[in-house]
Amino acid sequence: MQHIQKNIMFLVAATLLLVTNGCKKSFLEITPASQIEESNFFKTELQTTQALAGIYHVLQWGNINQGHTPLMGWAEAASDDAYSGGGSSSDAVGVKGIENFKATTTAPFNANDGTYGSVWSIYYQGIARANTYLANIDRVESTANFKALTTGEAKFLRAHFYFDLVKWFENVPLIIKQQAPDEYNQPQAPPQEVFNQIAKDLVDAMAVLPKTSMKANAGRATYWSASALLARVYLFNKGVYNTELNTGTRVIDAAAVRTYLDEIIAPSAGFDLIGNYSDIWRKANELGIESVWEVVHSNTQPVSGSTSDQFRAQGNYNVLYFGPRGVNGNPYTAGFSNAVPTESLYRAFETTPVLDPRRAATILVLNSTAAAPGIIKGWQHTGYFNNKYNTTSEYKTASGLNDINWGQNLHAIRFSDVLLMASELNIGVDQTKADAYLNRVRSRVGLGNRVATIDNIRHERRVELAGEGIRYWDLLRYGLPYAKQMIDASSLIGPYYNGTSSLGGPITLTSGANTPANAYQMDWDVSKRGRLPIPPAQITLSNGVLKPNPGY
C-alpha cells in the first residue's frame with residue numbers, strides 16, 4: 001500500500017466540468033492537469049469539483065504500468081464466453097493465467113508483477129482519492145447541499161472500486177479514511193467486512209443522490225446507479241458467502257433489494273429497453289433510457305503517447321483489446337484480438353423457432369481477408385470478436401493515439417440487467433412478477449415466453465449480457481463447481497478455429513498448423529477460488545502483513 005496512498009492527488013482541470021448544454025459527456029470530457037497540493041486545495045466549489053472529477057477519472061483507466069488491464073476484457077477471458085486470445089502464446093501472459101486460473105506469483109503468468117499489480121494499483125488509487133475527498137469536503141466554502149451530494153458521489157465511487165477489488169482479490173485491506181504515512185501498512189479485512197462497507201457507502205449515497213437519468217446528471221452517478229449496484233453486490237455476496245449485507249444500522253436482505261429493483265423498474269423512474277438490441281452500443285444511445293450506470297469515456301481530449309499513457313486518457317481500452325488483429329479497412333481498425341468469443345457462447349444463443357438476434361449483435365464473425373482486409377489469425381483465433389465493443393469508425397478519434405482514445409462508453413449496468421436481477425430474486429416469492437420481468441427481456445428480441453427458473457435466468461443472463469464482463473462474476477456466485485463445469489465445457493472446436501478444420505465436441509485433436517489444439521482446452525483451477533494472487537510487490541512492501549491468497 002505504501003506507493004498508493006499519497007498526500008498529492010493527480011487531479012484534472014475543470015475547463016469543461018460546468019458545461020451542461022446537453023453534451024452527454026460534459027462532466028468527464030476533461031483535460032488532465034498537473035499535480036495539485038492538497039494542503040492549498042479544497043477551498044472552493046470549483047476546486048472540489050475538480051477533485052471529484054479526479055475520482056471519476058480512475059474509472060476510465062484501462063492500462064497502467066503496461067499491465068494490459070482492460071478489466072471488463074479480463075472478466076470475459078476468465079469466463080466460458082471467451083478465450084484470452086492475443087497475438088501469440090507469449091502475448092499478455094498475465095491474462096492467459098486468468099483464462100484457466102493458472103495464475104501464479106512468478107513468471108510466466110505474472111512476470112515482473114506488472115499485470116495483477118496494476119489492477120491493485122488502479123483500485124487503491126481510486127480509493128485513496130475518494131478518502132482524501134471525504135476527509136476534506138468539510139473545509140470547502142459551499143452549501144450543505146453541495147457537500148452532501150458530492151459526498152454521496154465519492155462514497156458511490158469508493159464502493160465501486162472496492163467491489164471490483166474484492167471480487168478480483170477477495171482478501172484486501174479495508175481503508176476508509178485518509179492515512180498518514182505511518183498508517184499505510186494495513187492487514188487484510190475479512191471479505192464480509194468489505195462487502196458490508198460497500199453496502200454502507202451505497203446506502204449513504206442513495207440518501208443524497210438524485211433520482212434522475214445519467215444524461216440529466218451529466219454522466220455522474222445517480223440514486224438509480226447506487227441502488228442497482230447495491231443489488232449486484234447483494235447477489236454476488238449472497239451467492240459466494242451466503243450472508244446478508246449489514247450496514248451497521250440495517251440489514252440488506254433479498255426483500256430490501258427487491259424493493260430497490262422494483263423502484264427502478266417502475267415507469268416513474270424513466271428507464272426502458274431500447275427497441276433494437278444492437279443499437280444499445282451506438283453513440284446515439286449512450287446515457288440513454290437503458291443506462292442505469294454507465295462509465296463515461298471520451299476521445300475529445302486525445303492523448304498522443306503510448307498505450308501505457310492510458311491513465312492520462314479518457315478512452316475505453318477494452319475496445320482496442322477486443323478489436324480484430326491486423327485489419328486495415330473500414331469499418332474496423334486493428335486491435336489486439338484478446339478475449340475472443342468461444343464456440344460455447346456462440347452455441348448458447350437460441351436458434352429455434354427463430355434465431356436470437358442477440359448473437360449477431362454480440363459476436364462479430366470475421367474469418368477471411370475478404371470480410372476484413374489484413375486480418376491476422378492470432379493465438380486461439382476463433383473467427384469471432386466482441387461486437388459490442390469493437391474498433392468501429394464511429395468511435396475512432398481524429399487525432400492522438402487511437403489505441404487509447406476510443407470514446408465508447410462502458411455500459412456497466414443496463415436496465416435489462418435490472419429486470420433479470422429482479423426476476424431472479426422474485427422466483428418462488430412473486431412468480432408472476434418473476435416471469436413478467438424475464439419475458440420483458442425476451443420479448444424485446446422477439447423470443448417466446450419462459451417460466452422464470454434459476455436455469456432459465458442463468459441462460460438469459462448469459463446471452464443478454466455476453467461480452468459485457470458480467471458472466472464470470474455470475475459463474476462465481478453460482479458456485480465453484482458450476483463455474484468449473486461451465487468453463488471446462490467451453491473446450492469446443494468451432495468451424496473457424498486456427499489449426500482445426502471442422503465443428504466438433506470437446507477438443508481432443510492433435511496440434512494444428514499454427515495453434516495447438518490444447519490452446520483451447522480449458523481446465524479451470526478451483527483451488528484459487530477464481531481470485532487473483534495478492535501482488536508479490538505489495539506483500540514485500542507490507543513486510544509480510546499482507547498474506548498470499550489460497551492456492552498461491
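Which residues does W293 touch, not counting residues up to four places away in sequence? In this predicted model, the list runs to Y56, L59, F156, H160, M214, A221, S225, L410, H411, A412 and I413.

W293 belongs to the largest nonpolar core, which has 146 residues. Together with W74, F156, Y162, W168 and V418, W293 touches the most other members of that core. There's also a second, separate core of seven residues, with A348, F349, Y384 and V463 among them. As a rule, nonpolar side chains in soluble globular proteins tend to be buried together.

Now look at strand 6, which covers residues 291-295. Five of its five residues are buried, so the rest of the structure largely encloses this strand. Its partner is strand 10, residues 410-414, and the two pair in the antiparallel sense over four bridges. To see the pairing for yourself, find V295: opposite it stands L410 in strand 10.

Next comes helix 12, residues 415-426. From first C-alpha to last, this 12-residue helix reaches 17 Å, close to the 16 Å expected at 1.5 Å a residue. Helix 12 is mostly covered, with 12 of its 12 residues buried. The buried ones include F415, D417, V418 and E424. After helix 12 you'll meet G428, whose phi is positive, near 75°.

Finally, jump back to helix 4, residues 116-136. Its 21 residues reach 31 Å between the first and last C-alpha, close to the expected 30 Å. Helix 4 is mostly covered too: 18 of its 21 residues are buried.

Key:
Residues are numbered from 1 along each chain as its sequence is written. This is a predicted model: local features need pLDDT of at least 70, side-chain atom pairs count only at pLDDT 80 or more; totals for chains, interfaces and linings use all residues. Side-chain values use heavy atoms; hydrogens and water are left out. Buried means under 20% relative accessible area, exposed over 50%, partly exposed in between (1.4 Å probe, protein chains only). Two strands pair if DSSP finds at least two bridges between them. The expected span of a helix is 1.5 Å times one less than its number of residues. A nonpolar core is a set of buried Ala, Val, Leu, Ile, Met, Phe, Trp, Tyr and Cys residues joined through side-chain atoms within 4.5 Å. Contact means heavy atoms within 4.5 Å.
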